[in-house]
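This briefing sets out selected features of one protein model. Please consult the sequence and structure shown below while reading.

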Amino acid sequence: MTRFRVAILTVSDTAAKDSSLDKSGPAIQEIFSTDGRDNAFEIVKITIVPDDENAISQWVKSMSETGTCDWILTTGGTGFSTRDRTPEAIARLIDRPAPGLIHLLMSTSIQYTPLAALSRPVAGTIGNTLVTTLPGSPKAVRENLGALFPVIEHALDLIIGGSGNAVHKSLGVDERAPAQTLLTRAESNWDASVNGTNAPVHVRHHLDEPATPTAPGPATNEVRYDPLSRYKTVASRHRMSPYPIISFEEAMRIIFKRCKTLGVETRKVDRTLPGHVLAEDVYAPQNVPKTQTTNVDGYALRSDQGPAPYDVITPVVHSLSHRLPVDAIMRVNTGAPIPYGTNAVIMVEDTKLLSTIKNELGEDVEEGRVDTLAWVKAGENIRNAGSDVMRGEKVGEMGEIITTCGGEIGTLAFVGRNEINVFRKPVVALLSTGNEIMDIGAAAPDDSSVTEQWSGIYDTNRPSLQAALEGLGYTVIDLGIVADTVDAHVKALKDGLGKADLLLTTGGSSMGASDLLKPVIERRLSGTVHFGRVSIKPGKPTTFATIPVPSTDANESSGKTELSELYKPMFALPGNPASALVTFWIFVVPALRRMGGYPKERCSLPRTKVLVNLFCQSQQAVELITCSRILKLNEELPLDPRNEFHRVFIRCTSDGLTAFSTGGQRSSRVASLAGANGLVVLPKKEEGRTSLEKGTYADAVVIGELHM
């Protein structure tokens with residue numbers, strides 16, 4: 001006889017501090033040890049955690065993922081107290097909810113007390129583990145378990161892969177009917193009861209605000225298609241995406257809300273600093289210059305020394321702290337301190353060489369005497385201490401972006417700062433998905449070995465996105481091409497989550513039979529898809545999600561390290577190369593900037609008004625888009641119901657900034673971005689406006705250097 005493994009979790013702030021105060025946990029153990037239940041169940045783990053949502057979620061997730069137990073029972077934290085967070089902690093982990101068990105628990109408890117209506121139980125499976133939440137009182141625990149025991153062994157047997165034939169036979173069900181048919185029917189009934197006959201199945205994806213519902217499709221099209229299920233069938237996939245389509249503006253609002261600024265780090269002031277953002281106000285630690293210095297090449301002297309011949313001395317033979325002889329002046333170079341007792345500098349141009357000092361070979365090696373030809377006033381050609389920057393003066397402000405122009409780094413070096421606190425730049429894990437693509441570094445199969453899996457398409461997205469990311473100064477972890485299997489997706493994404501701050505994938509986010517990213521995010525990684533479609537062209541299937549990962553935080557009050565969850569953002573961009581690059585510039589770059597500490601108003605790339613010209617201006621422009629002839633487009637550019645980002649060359653012309661189309665804008669045509677330095681934002685098609693005429697002004701996103 002199979003013994004089912006049971007894990008018990010008590011959720012209580014007080015019991016977590018003193019285990020002797022736990023009453024419901026021992027009550028569960030006692031119940032399992034009576035009436036011969038220890039023959040059917042084995043308690044393998046007993047734990048107490050406080051009423052902390054992250055601690056509860058992490059423990060349940062760990063127990064289910066490691067296969068340690070078949071049934072997890074929690075007790076406590078299911079009411080309406082502000083600290084009761086057990087339902088929220090567990091519900092987000094559930095793969096297959098069990099509404100029948102919840103109804104059983106509620107109907108049983110309400111027979112004993114109407115206050116049971118205030119309980120919020122959760123039941124369902126995480127992988128092959130059943131999870132059931134119980135109230136925190138020993139009395140309620142006994143009542144709930146008494147209701148569960150008649151059905152729970154049969155449920156656990158089915159969950160771990162048993163046939164359930166013995167129970168089916170006792171119920172009069174045809175023993176020859178496969179368990180698969182029964183389960184599939186049950187799943188289908190659950191879908192209909194929860195989602196409505198015509199509503200698309202909605203599994204752990206949501207917007208941050210209520211969305212306008214999409215129009216329902218035919219009932220026959222709304223059967224759940226779950227590519228992660230062992231009962232999957234491509235014929236049952238959605239014909240209409242269950243993800244509502246949202247506006248570009250709404251997508252950006254969600255991204256900025258969910259992408260959090262990373263921590264602060266101390267970095268050397270060197271060439272690696274551009275692209276970082278100051279995480280502190282910077283004050284000059286000293287006067288600049290520290291002492292009086294000269295701002296010209298010349299000779300330091302007293303202002304009362306009029307035009308006359310003088311001996312020339314240098315700092316090599318005379319200390320700066322000693323007064324100069326009456327008949328001498330000191331040669332100084334720009335920026336050098338001036339010697340004690342002098343108060344002016346005469347420029348080299350206002351002197352005349354009279355004699356030199358020679359070596360033993362008779363060669364001139366040093367100035368001997370010079371004649372000064374002009375009077376200089378006190379303070380002439382001298383910078384006073386602190387005249388450039390005073391000690392304590394603010395020279396850099398928190399939130400200031402360190403650019404590649406050099407000015408910010410120069411300022412930091414100027415005041416003597418060799419280290420600075422900045423916000424950490426995110427590390428990006430990059431991968432492509434699809435059996436149909438091949439790495440450019442791999443040898444193409446010859447005709448005899450070509451399979452239907454490879455369509456002759458090289459992976460364009462990884463090389464182009466990696467070049468763009470590294471050109472912007474971000475560190476990239478290349479995870480390669482991931483095969484269209486659940487295990488390969490899970491392994492690659494977990495690898496990326498462990499090494500990077502943001503996941504960036506291309507392909508696998510649309511409506512294909514092997515597009516696995518969204519279900520893998522939601523069901524295998526406990527992530528949340530915040531949006532799965534955006535009303536833009538190209539890039540409609542662009543997906544943005546956040547995925548929880550374990551994190552350790554230091555509790556300053558207790559001095560202990562606590563386990564918590566950190567949510568890392570993920571972008572799943574379309575697989576078509578032009579779509580991937582366009583959505584990278586308009587969605588991913590702003591998110592990376594946000595995470596790196598950029599002020600919100602500086603996160604998106606700059607926009608400017610441009611004059612739209614529908615012709616390639618010259619042969620040079622044509623060569624950039626790899627055409628062999630002059631390209632001429634129609635006089636009018638048709639508009640789309642979605643906002644379109646049209647790839648263009650932006651040039652500085654006599655008419656100002658003018659945008660020239662790069663030609664065909666098909667989403668798979670990456671050549672439309674070759675040489676492009678801007679994206680003209682075409683307005684949506686509206687009544688009375690169906691095209692954009694040549695000579696119209698429009699907004700353009702600047703993604704590269706402007707050209708003449």
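What share of the contacts in the protein with a separation of 6 or more is accounted for by residues 24 or more positions apart? In this predicted model, such residues account for 72% of those contacts. The protein contains 15 helices and 35 strands, and buried residues make up 47% of its 708 residues.

**Packing of helices H12 and H13**

- Helix H12 spans residues 486-499 and helix H13 spans residues 517-524; they pack at an angle of about 65°, and their axes lie 10 Å apart.
- Because angles of 65 to 115 degrees count as roughly perpendicular, H12 is roughly perpendicular to H13.
- The two helices, H12 and H13, cross in a right-handed sense.
- On the H12 side, the contact is made by Val486, Asp487, His489, Val490 and Leu493, while H13 contributes Leu517, Val520 and Arg524.

- Three strands, in the order S7-S19-S8, form an open sheet with antiparallel pairing.
- Strand S7 (264-268) and strand S8 (277-278) are the edge strands, each of which pairs on one side only.
- Strand S19 covers residues 419-423 and is joined to S8 by two bridges, the two strands running antiparallel.
- Within this part of the sheet, leucine 278 is positioned opposite valine 422 of S19.

Methods: Residues are numbered from 1 along each chain as its sequence is written. This is a predicted model: local features need pLDDT of at least 70, side-chain atom pairs count only at pLDDT 80 or more; totals for chains, interfaces and linings use all residues. Side-chain values use heavy atoms; hydrogens and water are left out. Axes are lines fitted to C-alpha atoms, for helices over the stretch in contact, and angles run from 0 to 180 degrees between N-to-C directions. Helices (H or I, at least four residues) and strands (E, at least two) are DSSP runs, numbered from the N terminus. Angles under 35 degrees count as roughly parallel, over 145 as roughly antiparallel, 65 to 115 as roughly perpendicular and the rest as oblique. A crossing is left-handed if the near helix is turned anticlockwise from the far one by less than a right angle, and right-handed if clockwise. Contact means heavy atoms within 4.5 Å. Two strands pair if DSSP finds at least two bridges between them. Buried means under 20% relative accessible area, exposed over 50%, partly exposed in between (1.4 Å probe, protein chains only).
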